[in-house]
Each structure stands twice: as structure tokens, then as C-alpha cells.
Amino acid sequence: MATSGNASPLVSPSQSLQPKQSEGALSQAPLRPSAPPPLSRARAIGLVATCTTAMVVNVSNSTAISISLPMIGRNINIPQDQLQWLLSAYALSSGCLLLFFGRLADLHGRKKAFILGMLTQLVFAVGCGFASSGITLDVLRGFQGLGAAAAIPSALGCLAHSFPPSRARTIAFSTFAAGAPVGGAFGIIVGGVVTQLSDDHWRGTFFMAAGLSALTLIGGLVSMSPDKVDWEADRRVDWIGAALVTAGLVLIVFVLGQGQIAPQQWRTPYIIASLVIGVFLVAVFLVWEHHLEKAYGDPSRPKSIWTPPPLMKLSLWARAKGRVAVVLAIAFLNWAGFLSWSLWAQLYYQNYLGLTAIRTMVRFIPMFITGILCNFFVALVVARLPLVMFVVSGTLITAGAAMLFALINPSATYWAFGFPSTVLIVFGADFVYSAGTIFLAKIANHGEHSVVGALFQTMTQIGTAFGLTITTIVFDRVVSSESAKLGVTLNPEASNAPAAADLKGYRAAQWTAAAFPLLAAILAALFLRGVGIVGHDRRRSERKSDETIAVLHHSQETAREKPVVAESLA
């Protein structure tokens with residue numbers, strides 16, 4: 001992030017993506033809040049580092065615990081079938097409240113939401129480190145996830161607001177996206193090293209998370225600009241919509257995580273009931289949001305507590321000629337494949353090959369390095385290549401990596417199958433996250449950046465739960481079928497499955513994981529060809545261009561906006 005001199009600001013005031021307003025009624029519309037003041041180089045670097053560390057903390061809170069589960073279970077006597085709740089509790093709270101906290105951050109201040117989010121993670125990470133029972137740890141993990149739900153959308157909103165469309169924004173978003181693979185690898189490394197020492201050392205993973213949360217909290221206090229709340233904006237909150245979508249997503253994610261391990265699996269009555277109620281609540285939420293958007297867009301309708309601004313405008317999905325919905329669907333599918341690969345690769349190394357946690361961790365280090373290089377590459381060329389090239393190439397490479405692991409030969413060296421698969425798997429996640437969030441930041445209206453970031457994060461979380469559920473079903477079915485062919489009747493834990501049956505199960509799970517990014521690549525090739533370049537290029541910044549769909553969207557949105565500041569913030 002070079003500048004012409006140390007005293008010069010890193011970011012100059014933005015040139016709005018919106019075209020000049022034509023004369024007439026539209027010209028009388030109040031101006032939106034002005035662009036944020038330029039950031040010094042030191043403050044800009046501090047802000048990006050802070051937000052990226054928040055992403056590292058969020059992702060490592062899952063991966064570090066994932067590799068520590070067996071040790072935690074032995075140390076505080078958690079039954080094997082209940083260990084998954086240590087991951088599910090965090091995923092439920094962090095994934096299902098993203099939209100709600102994203103909206104609150106846009107309304108009441110992104111810095112406040114970020115600080116409160118990191119403080120929550122700090123406090124409950126310390127609590128987890130001192131927990132002495134499984135139930136206590138589950139509850140504390142749920143509260144820890146609340147902090148992530150508040151911090152991550154706020155961080156995205158802060159970056160979008162602080163960096164106007166520029167090369168600096170491209171670098172900021174690419175660096176933030178690198179926090180995901182760095183956090184994943186960091187969590188695996190820390191979890192592997194710490195838990196290798198002894199069963200009781202798993203507590204160190206939580207204390208490490210608390211330390212990182214404290215550093216991130218301090219970074220937010222120092223680097224983030226004070227919140228400037230627009231008091232003219234409509235600050236009513238859609239509590240009904242928040243309750244509907246949160247309850248619905250909690251039930252759906254709960255079903256996805258527990259359906260396969262319930263007493264009667266998917267035929268268990270409470271699983272069926274939870275799924276039906278969850279889908280119904282989400283459907284009611286969508287209808288309610290459509291109603292609020294129509295009511296809020298009618299200037300003749302008086303304000304009422306029953307008609308606040310919608311939590312999420314359904315029209316957001318249709319922006320850029322429906323490409324927003326396509327990008328969100330691609331994020332869902334790509335994360336379904338990427339995180340499924342990660343789980344089954346880890347289980348293959350530990351359960352099938354019998355490797356220790358630390359030897360398993362070493363095999364994932366290439367993913368960490370590749371992830372950083374991928375985001376560096378995006379920052380360099382996103383202003384030169386169209387979005388479709390990033391998404392199609394990234395998802396195809398991810399699919400190829402999963403296929404490579406599906407063909408793995410246990411007797412072959414790690415360098416033949418495991419290494420190239422680990423190097424390639426992260427391309428889709430990094431390309432889709434970096435380029436996708438830059439695209440969404442461009443189409444977001446003022447006051448929507450945290451909500452849009454929360455929506456993207458929600459799709460990746462639900463995609464992860466969906467992918468893990470489908471691949472688990474495939475694995476279990478294949479292992480059961482292959483064991484029966486070999487004349488083996490599996491016990492309830494399937495711990496007596498023949499090695500040959502397990503191997504076919506791992507391969508089938510990886511083939512299934514490959515199908516998700518393949519479908520994402522098809523969607524991108526069909527529907528993203530007209531998007532064009534989403535990165536900022538100084539050479540194009542002063543001239544009109546129809547290359548980028550995001551620019552066209554802002555032009556259309558400006559022409560349709562009502563001359564009321566509050567409505568532009570809905």
C-alpha cells in the first residue's frame with residue numbers, strides 16, 4: 001500500500017459510484033452523509049490488521065476446537081455423541097444472528113458493535129478455559145459465538161465505509177479475506193500443538209483466543225474512526241423479522257448438525273418437527289420482509305411500530321440483474337465443498353491413517369501459505385480481470401482438489417495426493433470471498449454495508465452446515481453398505497467398520513464435496529459473464545464505464561430513490 005509520501009493519506013475522499021443527479025425533483029433530495037475523512041497510512045494499516053485479526057479469531061475458534069475434541073471429551077467426560085455440540089453451539093449463535101447484528105451495526109455504529117463483539121469473545125473465551133463440565137462449555141461457546149456475529153459484519157462494514165472505491169479498498173478486502181485461511185490454519189496448528197502436550201492443555205486454545213480477542217479489541221479502539229450516526233435516519237428495528245429469521249435459522253442449522261446423529265437419525269420426531277418449523281419461520285420472514293419493503297416505500301403510509309425498515313430488503317437479491325443472488329448462492333456452494341473437504345481430510349488423516357494431531361496439523365500448513373498468496377494475487381489483478389474469471393477458476397480448482405483427494409491412495413506418499421489437494425483447495429474460498437465481497441460492497445447502498453456483509457457470511461455458514469450434513473450422510477451410507485457387503489454388522493458408533501469400507505466412505509464424501517464447487521462454477525459461467533471488473537482501477541475512475549454491473553446498479557438505484565434520507569438507509 002504505497003503512497004507518494006509518508007505524510008500523505010493512504011485514502012483520498014471517494015468519488016461516488018453514483019452518477020450526477022439530473023435536475024428536477026431528484027436534485028432536491030438531501031445529500032447522503034459525506035465520505036469519511038482520509039486515513040493516514042498508519043491508521044489504515046491498523047484498521048485492516050484489526051479487522052483481519054477478527055476474522056482469524058472467528059475461524060480459529062472453530063478449527064482449534066475441532067482438532068481438540070477428543071482430548072476435551074476425555075478430560076471432562078463428555079460423551080462421544082455430544083462432542084459435536086462444542087462446534088454446533090458456536091456455529092448456531094455466530095451464524096444465525098449475523099443479519100440482526102449487521103443491521104444494528106449499520107444503525108447504531110459499527111465501531112460500537114465491533115468492540116462489544118470482541119469484548120464478548122474475550123470474556124467467554126476465558127470462561128471456556130475454566131469450564132469443568134460439558135454443559136457449561138456448550139453454553140459458554142454459544143455466548144462466544146454471539147461476539148463473532150457482532151464483530152464480523154461490523155468489520156466488513158467498517159472497511160467498506162472507511163475505504164471508498166479505490167485500490168486501497170481492494171487491498172483491504174483481500175487482506176480481510178486472507179484472515180479465513182490464516183485463521184483456519186492457525187487454529188489447526190495451535191490446536192494440534194497444544195493438545196499434543198496433554199489432555200488438559202486443551203484449555204490453552206481458549207486462552208490463546210482470549211489473548212487474540214484482547215489485541216483485536218485494543219486495535220479496534222485505536223484504529224477505528226468514531227461512529228457518526230445519522231440521526232435523520234429511521235432507527236426503528238425490525239424485531240419481528242429478527243426473531244423470525246433467527247429462530248428459523250437456528251432450527252435449520254440444528255437439524256443439519258444433529259439429523260444424522262439423532263436416535264432415529266432423520267426419522268426422529270424432533271428432527272422432523274424442527275426442520276418443518278424452521279423452514280416455515282424462514283418463509284414467514286421472507287413474506288414479512290417483502291411486506292415491510294412495500295410499506296416502507298409508500299410515502300403516503302404513516303410510520304408505525306408495525307412497519308419499521310426491513311431487516312433485509314428482498315430486492316437486494318435482485319440487484320445487478322439478479323447477480324447478487326448468484327454470488328450468494330456461489331458462496332453457499334463453495335463453502336459447502338471447501339469445509340467438507342477440510343473435515344473429511346482431517347478425519348482421514350487422524351482416524352484412517354492414525355496420525356497424531358500434530359502430524360495432521362503439519363499436513364494442512366500448505367493451505368495457510370496458499371491462502372495468503374491467493375489473496376495477494378486477487379489484490380494485484382482484481383482491477384484487471386472480470387469477476388467471472390475469479391469465480392469460475394477458483395471454484396473449478398477447489399472441485400479439482402476435492403476430486404484429487406477422492407482418488408487418494410493410502411499407500412502413496414503425501415506428496416502424491418494430499419499435498420497438491422491441500423495447496424489447491426483454498427483457491428475457491430479466497431477468490432470467491434475477496435472478489436465477491438468487493439462486488440457486494442459496490443452494490444450496497446449507504447447504511448447497508450454491515451447487513452450485506454452479514455448476508456454473505458450467513459450464506460457461507462449455512463452452506464458449511466449443509467455441506468457437512470450431505471457429505472456425512474453419504475459417508476455413513478457408503479460405509480454401511482460396504483460393511484454389509486463384507487459381512488460386517490456395524491455397531492452404533494460404526495467403530496468396527498472394515499478399513500476398506502471406511503476408505504470408500506472417505507472417497508465418496510470427497511466426491512460429494514467436489515460436486516458443490518462444480519455447481520458453483522456452472523452458475524458463475526452462466527450468470528456472471530456480464531458483470532465485468534469489480535476492482536478499482538485509477539485509469540478508469542474518471543471516465544464513465546459500463547463494464548461493471550455494480551456501477552450500473554448504483555445509477556439505477558439513484559434514479560429510483562425517494563428524496564428522503566431515511567429511505568436510502570433502509
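Leaving aside neighbours within four places in sequence, which residues is Ser483 in contact with? The close-ups below, taken from a predicted model, start there.

View 1. Once the neighbours within four places in sequence are set aside, Ser483 touches Val488, Leu490, Ala497, Pro498 and Ala501. Its relative accessible area comes out at 0%, so Ser483 counts as buried.

**View 2. Helix 1 against helix 2.** Here helix 1 (residues 41-76) meets helix 2 (residues 85-96), with axes that come within 9 Å and cross at roughly 160°. Anything over 145 degrees counts as roughly antiparallel, and helix 1 and helix 2 are therefore roughly antiparallel to each other. The crossing is right-handed. On the helix 1 side, look for Asn58, Asn61, Ser62, Ile65, Ser66, Leu69 and Ile72; helix 2 brings Leu86, Leu87 and Tyr90 to the contact. Sorted by type, the residues of this contact are six nonpolar and four polar, with no charged ones.

**View 3. Helix 1 against helix 7.** Helix 1 also packs on helix 7 (residues 203-223), at an angle of about 165° and with the axes 8 Å apart. That angle makes helix 1 roughly antiparallel to helix 7. As for handedness, helix 1 passes helix 7 in a left-handed crossing. The residues in the contact of helix 1 with helix 7 split into 10 nonpolar, 12 polar and two charged.

Technical notes:
Residues numbered from 1 in each chain as written. Predicted model: local features only at pLDDT ≥ 70, side-chain atom pairs only at ≥ 80, totals over all residues. Heavy atoms only, no water. Axes fitted to C-alpha atoms, helices over the stretch in contact; angles between N-to-C directions. Helix = DSSP H or I, 4+ residues; strand = E, 2+ residues; numbered from the N terminus. Parallel < 35°, antiparallel > 145°, perpendicular 65-115°, else oblique. Left-handed = near helix turned anticlockwise from the far one by under 90°. Contact = heavy atoms within 4.5 Å. Nonpolar A, V, L, I, M, F, W, Y, C, P; charged D, E, K, R; others polar. Buried < 20%, exposed > 50% of the residue type's maximum accessible area, 1.4 Å probe, protein only.
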